[in-house]
Amino acid sequence: MHRSGSANRFQVNLVNHDERGGGGGGGGGGENGNVGDAAAATTDDDTFPEEMVKRRTSRLQSIRSSFRGDKSNNERKNSQTTRFKVDGDGSDSNDDEEDNLIDDNRYARSFRHFTREALPRVDNYRNILSFQANNRPTLDELHHASITNKETMRRGTVQVDIGDTEGAIKFGWIKGVLMRCLLNIWGVMLFLRLSWVVGQAGIIQGVLLITITTVVTSITALSMSAISTNGVIKGGGTYYMISRSLGPEFGGSIGLIFSLANAVACAMYVVGFCESLTDLLATFGVQIIDGEVQDIRIIGLITIVILLGIVVIGMEWEAKAQVVLLIILLVAIVDFLVGTVIGPKSDLDVARGFVGYNSSLFLENLQSDYRPVKSVTHDFFSVFAIFFPAATGILAGANISGDLKDPSKAIPKGTILAIILTSISYVGMAIMAGATVLRDATGNVTDMANGSWAFAECAPEECEYGLHNSFQVMELVSAFGPIIYAGCFAATLSSALASLVSAPKVFQALCKDKLYPKIGWFGKGFGKNNEPVRGYILTFIIAVAVILIGELNAIAPLISNFFLAAYCLVNFSTFHASLAKPVGWRPTFRYYNMWLSLIGAILCIAVMFLISWPTALITFAVVLGLYLFVSYRKPDVNWGSTTQAQTYKNALMSVQQLNNVEDHVKNYRPQILVMSGHPSTRPLLVNFAYLLTKNLSLMVCGHVNKTQTSQKYRNYLQRKATDWFRRQKVKGFYAYVDDNDFETGARAAMQASGIGKLRPNVLLLGYKSDWTKCDATELEQYFNVVHKALDISSARRPR
């Protein structure tokens with residue numbers, strides 16, 4: 001039997017090797033005698049490029065060895081097996097036949113006959129118009145070679161601008177996450193406020209305060225780790241995680257808030273640096289104007305300009321600066337620990353409140369002693385509000401997720417380890433400060449005459465030293481004071497640097513998604529690392545405005561609420577994803593719990609109101625306003641959020657619950673199947689049906705097509721109908737059926753439309769006005785459709 005060009009390209013002929021020597025004789029000789037002709041008539045579909053031949057040679061050799069197994073050559077030659085015939089020439093052995101497949105030029109057209117099943121053709125597994133060749137075709141494309149799914153091709157083809165990514169600096173989990181989190185958490189609070197927190201709250205409540213902070217940040221870190229290991233994490237950090245989990249509404253609102261919070265935090269850290277520097281200058285009697293707020297503003301402006309210059313140069317220089325600052329910071333912490341062991345170095349140190357480890361002092365400082373500061377009455381939660389910004393550093397590594405080599409591994413490891421290390425250091429240093437330094441001290445050496453402790457007996461307003469009154473306790477306790485100043489400078493500057501980088505990175509990702517109008521200009525990146533230079537300048541302007549406030553305590557509560565709002569949504573994202581259980585929720589990080597994430601979200605909200613309920617209300621109002629704004633704009637994005645998954649889950653549960661509800665005439669609703677064709681072709685009929693259903697019941701527009709159509713065309717009609725419903729503000733569904741005639745198609749629509757009790761019970765047909773002129777068969781079909789509707793009770797009155 002000769003093969004034609006339309007024959008199956010995978011057709012092969014089976015022969016018995018023992019009967020081949022006769023040149024195609026024996027039983028089936030008539031068929032086998034034409035194999036040579038078939039080979040000669042091979043079409044272009046049967047040929048393979050020479051490159052593919054070479055590429056498959058090594059694979060073919062391994063296949064040959066698998067055919068041989070453990071059998072010897074003699075056993076294989078004598079075996080009576082049925083093999084594929086590859087050409088008309090006889091062969092004395094199977095080995096010779098297989099060798100010919102490799103060595104002979106006819107291999108290019110015969111390779112497909114070698115395996116026991118047909119090889120797939122590469123042309124059937126790629127779109128011929130796609131240079132990437134990474135799209136599998138639809139059945140329509142396979143059935144009709146002229147069809148190309150341009151939408152699929154456009155979706156699957158990834159356009160990568162090699163010029164933007166080549167040579168980009170990427171960081172590992174230590175340099176990219178751990179170091180940044182350590183530097184940001186060991187910030188201004190460690191050297192300027194930790195001793196004051198112990199003086200106000202005491203050792204017990206101080207440790208409790210640090211523990212609560214650690215619990216909130218640890219739960220958030222676990223939730224963030226789960227999200228970061230659930231798929232690819234791109235640039236944008238926290239904003240990217242929330243927006244891809246909860247959708248653009250939540251992501252857009254928290255992204256803007258979080259960017260602003262980082263910009264304000266940058267200013268706060270710069271103010272902390274300025275306070276420490278002005279205190280250092282005051283010890284030498286040096287001041288610029290007044291040694292207080294005005295000096296802080298001047299030094300702050302100069303500092304923020306220098307930091308802006310560092311980040312604009314590039315991430316590589318910023319990373320190098322962070323390494324140097326971390327080394328200085330670690331040396332300063334060790335200097336403090338050594339100083340507590342050595343004890344006071346002079347009587348002046350003792351007069352200023354540093355008496356070394358003392359059991360009576362330790363017991364006295366265990367309890368709290370809250371005092372008003374500048375007419376502000378403090379309690380546990382007000383002190384917590386001032387201290388909590390120290391915990392905001394846990395997001396420093398996640399915020400530069402686009403600059404990490406492997407964010408899914410780097411973020412969990414670096415963040416959790418940083419929280420453990422910094423929590424231990426904060427608790428340890430708080431206990432050491434409470435055990436070695438008095439709350440109040442005069443600083444007068446003469447009060448120490450004859451071993452007197454008169455230097456500790458003074459009114460709170462009159463004392464200048466001690467935990468309550470001096471922010472330079474760390475420098476007093478240290479073995480070498482200047483190192484503490486260097487560590488303080490390193491801590492504050494590194495935190496400011498990290499915030500100055502984080503805010504533009506998050507804002508850049510937000511701008512690229514175009515959730516808000518008129519901000520796309522800030523999303524443009526420059527250089528090999530796609531640096532958001534315009535975002536740096538915007539952050540610089542915001543930070544300068546905040547620095548002019550000059551008061552650290554006034555800035556801290558505002559930052560606390562902004563970051564707590566972000567923490568709350570990170571925790572809620574993990575809880576909601578675990579609750580909705582979409583198919584795409586498969587984090588590789590297993591050490592999280594959905595209920596623990598929910599508790600973390602509730603804790604964040606509670607802490608927001610405990611810190612400052614007016615600020616918390618303002619924060620919620622801003623988030624809600626931004627949420628509504630993004631919802632109103634309806635951005636053209638589809639990220640597969642858990643909100644979409646929850647919508648499907650709720651709908652499915654509602655339909656299942658509806659099946660358990662018994663029918664009653666009071667609850668009857670006309671659920672109409674309108675045989676309108678496409679709704680745009682008969683809008684009057686559709687609008688009439690909608691007058692009956694309105695928003696109270698189901699309406700399905702049935703469309704019967706007498707010709708077979710492709711799935712691509714079906715999708716087009718579905719989109720077109722959905723758009724028409726949206727424009728006309730009609731709540732309905734569209735059901736498309738293609739069949740040989742109207743009757744069978746309408747029968748299928750009546751019986752298959754709907755699900756459960758959400759099924760049409762009324763059939764609405766247009767009047768057949770041409771019944772006197774139409775073909776008798778067509779009229780009979782129309783009558784049969786009406787008759788079928790009566791049979792299946794689609795026009796039955798409720799009982």
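1. Basis. Because the model is predicted, local features need pLDDT of at least 70 and side-chain atom pairs count only at pLDDT 80 or more, whereas totals for chains, interfaces and linings use all residues. Residues are numbered from 1 along each chain as its sequence is written, and side-chain values use heavy atoms, with hydrogens and water left out.

2. Overall make-up. The protein has 31 helices and six strands, taken as DSSP runs (helices H or I, at least four residues; strands E, at least two) and numbered from the N terminus. Of its 799 residues, 47% are buried, that is, under 20% relative accessible area with a 1.4 Å probe and protein chains only. The accessible surface is about 39,700 Å², with 58% of it belonging to carbon and sulfur atoms, as computed by the Shrake-Rupley method with a 1.4 Å probe. Among contacts (heavy atoms within 4.5 Å) with a separation of 6 or more, 79% join residues 24 or more positions apart.

3. Nonpolar cores. The largest nonpolar core holds 137 residues, and Phe191, Leu194, Tyr426 and Leu564 touch the most other members; such a core is a set of buried Ala, Val, Leu, Ile, Met, Phe, Trp, Tyr and Cys residues joined through side-chain atoms within 4.5 Å. Leaving aside residues up to four places away in sequence, Tyr426 touches residues including Trp186, Met189, Leu194, Ile210 and Phe387. A second, separate core of 16 residues includes Met699, Ala721, Tyr736 and Leu764.

4. H19 against H25. Helix H19 (residues 380-387) packs on helix H25 (residues 594-611) at an angle of about 110 degrees, with the axes 8 Å apart; the axes are lines fitted to C-alpha atoms over the stretch in contact, and angles run from 0 to 180 degrees between N-to-C directions. The two helices H19 and H25 are therefore roughly perpendicular, a term covering 65 to 115 degrees. Phe381, Phe384 and Ala385 of H19 make the contact with Val607, Leu610 and Ile611 of H25.

5. H12 against H25. Helix H12 (residues 194-228) also packs on H25, at an angle of about 135 degrees and with the axes 9 Å apart, which makes H12 oblique to H25. Here Val215, Val216, Ile219, Leu222 and Ser223 of H12 meet Leu596, Ser597, Gly600, Leu603 and Cys604 of H25.

6. H13. Eight of the nine residues of helix H13 (residues 238-246) are buried, among them Tyr239, Tyr240, Met241 and Ile242. Just after H13, Gly247 takes a positive phi of about 105 degrees.

Terms used
Buried < 20%, exposed > 50% of the residue type's maximum accessible area, 1.4 Å probe, protein only. Parallel < 35°, antiparallel > 145°, perpendicular 65-115°, else oblique.
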